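Please have the viewer open as you read.

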Amino acid sequence: MEKIENLFLKLKEKIFLYSEKIKTLIIQKTNLFLEKLKELYKIPKYKNAFFIILFLIFVIPILSYFIFRKSYKLPNDFQTGIYAVPEQAEYYFEIKNGKKFYEFYQNSILSKKIDSSEAWNNFISISNESFFSEWIYILQIQTNQIFNLERFFELFQESISFIKIEKNQFVIIAKTNFKSSLGLTLLNSFTNTKKISNSESKPKYSKKEGDVLSGDAEYEESYFEDELKLANLTVKTFKLGTRTIYYVKINDFLFVSNELESLEKVLDSANSKKNKKNLEEVGILNPYQEELSLGIMYYSLKEKNILNTISKTFLNNSDSLYLLFNLKNEQLEMNLFSKANLNSTESKFHEISKFLPEKQILTVYSDKLGFAEIFEPISNLDKALKENIESFFQLNKVNYKDYFVNNSESIFSFEKFEKRKDLLYPEFSFGFKTNSDPANFLKTIFKTGKEKQDVAFGKKIIDFQKDKSFYSPSLTEFQKFNLISSNKKLANLYLSSENGNSIPISSKLTDEMKSSCKTKHTHLFIYYPSLKQNLSEFLIYGGLKSSLYTEITIKKDILPLLDSFDFINSLYFCFGDEKNKFGNGFILR
């Protein structure tokens with residue numbers, strides 16, 4: 001042991017000697033360089049060279065630092081978070097007019113249902129584990145106040161937005177009313193920053209009735225507050241357990257994130273003019289700035305998956321979609337915006353909607369996109385997927401590129417889930433146009449048996465049910481469509497509706513809706529009572545199969561959440577137009 005200590009001491013001495021020699025050498029070389037410069041300066045013809053060398057060594061680096069150093073500030077026309085959405089954002093949601101939104105919510109049926117619902121209280125308590133609730137907890141510490149919705153929108157009455165970036169990174173941008181009593185307290189917390197750890201600044205309060213936004217106070221023994229420099233900004237950091245929240249104030253805006261990297265992306269984007277230019281191109285900027293505007297939602301379609309690919313097909317390959325919420329005659333109005341550019345022609349939907357049965361979970365109609373236009377981009381997602389789709393159709397010698405009529409009308413409807421022997425079977429229909437045998441497409445989808453013909457409402461129905469098979473796939477003609485249904489009863493329902501024996505979709509559409517959607521090419525109709533009933537059955541089925549939750553849990557904690565929206569009868573969306581206002585959305589009661 002003594003030998004090792006001696007060896008360590010010798011090694012330490014040598015390192016010290018070498019470091020001293022290096023230090024001495026650097027000083028000698030520096031002094032020599034300065035002496036040479038002095039000599040150079042004394043020679044008249046080299047005076048200019050002396051100043052050039054001095055400029056290159058000292059002045060240029062200093063100027064470069066001040067010119068190219070990163071500095072964050074908000075442009076004068078920066079109004080809300082929509083101007084700061086980075087390219088990597090997956091979606092963005094903003095409540096633009098917090099005060100009006102709160103008044104609208106307080107006077108709505110939904111508010112009363114949520115306030116009186118035990119299930120919603122439980123759901124909100126569980127949600128307190130989220131990044132948003134952690135931020136609320138921090139706000140409560142900084143203002144020493146319990147937050148409810150009223151106080152929340154008093155503080156953020158102009159704009160509050162939420163950005164989801166890749167890899168579960170989130171950013172909140174809030175335009176803050178620093179003139180309010182809460183705002184002044186919050187502002188003071190920024191001007192008097194100090195390090196706080198453990199329980200030094202823990203709020204001592206208990207949750208009161210109506211305090212639905214209260215954060216979870218489980219961080220009492222693991223709360224730590226600090227700050228760091230980010231370019232010209234001072235960022236406050238709050239450690240809650242194993243997670244860190246980054247928090248910075250610029251002018252009247254608070255930027256909050258769970259990742260410093262995401263915060264930088266948003267701040268970089270806020271300093272760019274690109275977002276505003278994009279909003280102008282889409283045509284949403286002027287409507288968004290109107291007083292009646294309550295909020296906006298942005299959804300990116302850049303990620304390659306089946307849902308985004310189908311959506312882009314309906315949006316003429318646009319890589320994003322905006323949904324603007326307006327308050328019109330005390331009713332919520334939704335408008336869709338996209339860069340999609342389609343020919344503006346009158347749609348045939350409102351004519352055919354007179355014959356489409358209302359009580360389907362989902363009905364989608366397009367008079368511009370047939371199944372060929374939908375299958376093609378899906379097959380191009382992945383080489384293996386393309387091979388699977390082609391082999392799927394080739395089983396019955398169907399080449400989907402030639403089989404379906406290009407750019408023709410199409411219908412898809414989803415009726416319900418049917419439970420049979422502990423399995424759930426979806427019931428659905430396809431309406432399409434082809435110049436080939438329509439039965440080939442049916443035989444591609446279903447296992448078929450011997451054909452059986454029947455007549456209903458003067459039209460022929462061909463039943464292809466196979467023995468001991470659940471499905472009884474049927475083929476008939478409906479409004480000049482070849483209609484394939486997963487069972488004969490569904491085919492009969494369509495023919496019955498065609499003959500005026502059931503309530504059609506058109507009965508729910510007002511003249512205003514028909515006028516707004518007159519030139520829209522794609523129409524989507526959702527019947528909420530059917531959606532709610534079948535969603536509950538699907539969740540119960542999934543819970544039993546996975547053992548993750550029970551039927552009691554679903555009936556007690558999940559279904560009451562859906563009950564709050566029982567005032568909705570249907571949702572109707574129409575989109576696809578050459579105008580910037582690409583589509584509309586309506587809530588039918």
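## The chain as a whole

Among contacts in the chain between residues at least 6 apart in sequence, what percentage join residues at least 24 apart? The figure is 67%, where a contact means heavy atoms within 4.5 Å.

A word on the ground rules: this is a predicted model, in which local features need pLDDT of at least 70 and side-chain atom pairs count only at pLDDT 80 or more, while totals for chains, interfaces and linings use all residues. Residues are numbered from 1 along each chain as its sequence is written, and side-chain values use heavy atoms, with hydrogens and water left out.

The chain holds 21 helices and 21 strands; these are DSSP runs numbered from the N terminus, with helices being H or I of at least four residues and strands E of at least two. Of its 589 residues, 45% are buried. Buried stands for under 20% relative accessible area, exposed for over 50%, and partly exposed for what falls in between (1.4 Å probe, protein chains only). The accessible surface of the chain comes to about 32500 Å², and carbon and sulfur atoms account for 54% of that surface. Areas come from the Shrake-Rupley method with a 1.4 Å probe, and for residues only the protein chains shown count as cover.

## Nonpolar cores

A nonpolar core is a set of buried Ala, Val, Leu, Ile, Met, Phe, Trp, Tyr and Cys residues joined through side-chain atoms within 4.5 Å. The largest one has 53 residues, and F404, F432, F441, I484 and F575 have the most contacts inside it. Apart from it lies another core, of 35 residues, with L230, L233, I284 and F337 among them.

Setting aside neighbours within four places in sequence, its contacts include F428, F430, F432, P438, F441, L442 and F446. S429, S474 and L475 are also in contact with I484.

## Helix α18

Helix α18 covers residues 488-498, and its buried residues are L490, A491, Y494, L495, S496, S497 and E498. Those residues pack against strands β13 (410-420), β14 (423-432), β15 (452-456), β16 (459-463), β17 (474-478) and β18 (481-485).

Both ends are worth a look. At the start of α18, a side-chain oxygen of N487 comes to within 2.9 Å of the backbone nitrogen of K489. After the helix comes G500, with a positive phi near 80°.

## The disulfide

How many disulfides are there, if one is defined as a pair of cysteine sulfur atoms within 2.5 Å? The count is one. C517 and C574 form it, with their sulfur atoms 1.9 Å apart, and the link is left-handed, at -65° about the S-S bond. C517 sits in the loop between α19 (511-516) and β19 (522-527) and C574 in strand β20 (residues 570-575), so the pair ties together parts that are 57 residues apart in sequence. C517 is buried, at 0% relative accessibility, and C574 is buried with a relative accessible area of 0%.

Beyond four places in sequence, T363 touches L356, F412, S413, I505, H523, L524 and F525.

E90 belongs to strand β1 (residues 89-95) and counts as partly exposed because its relative accessibility is 28%. Not counting residues up to four places away, E90 touches K164, I165, E166, K167, Y298, Y299 and S300.

Notes
A polar contact is a pair of N or O atoms within 3.5 Å; within protein, one must be able to donate a hydrogen and the other to accept it, and residues adjacent in sequence count only if both atoms are side-chain atoms. A disulfide is a pair of cysteine sulfur atoms within 2.5 Å.
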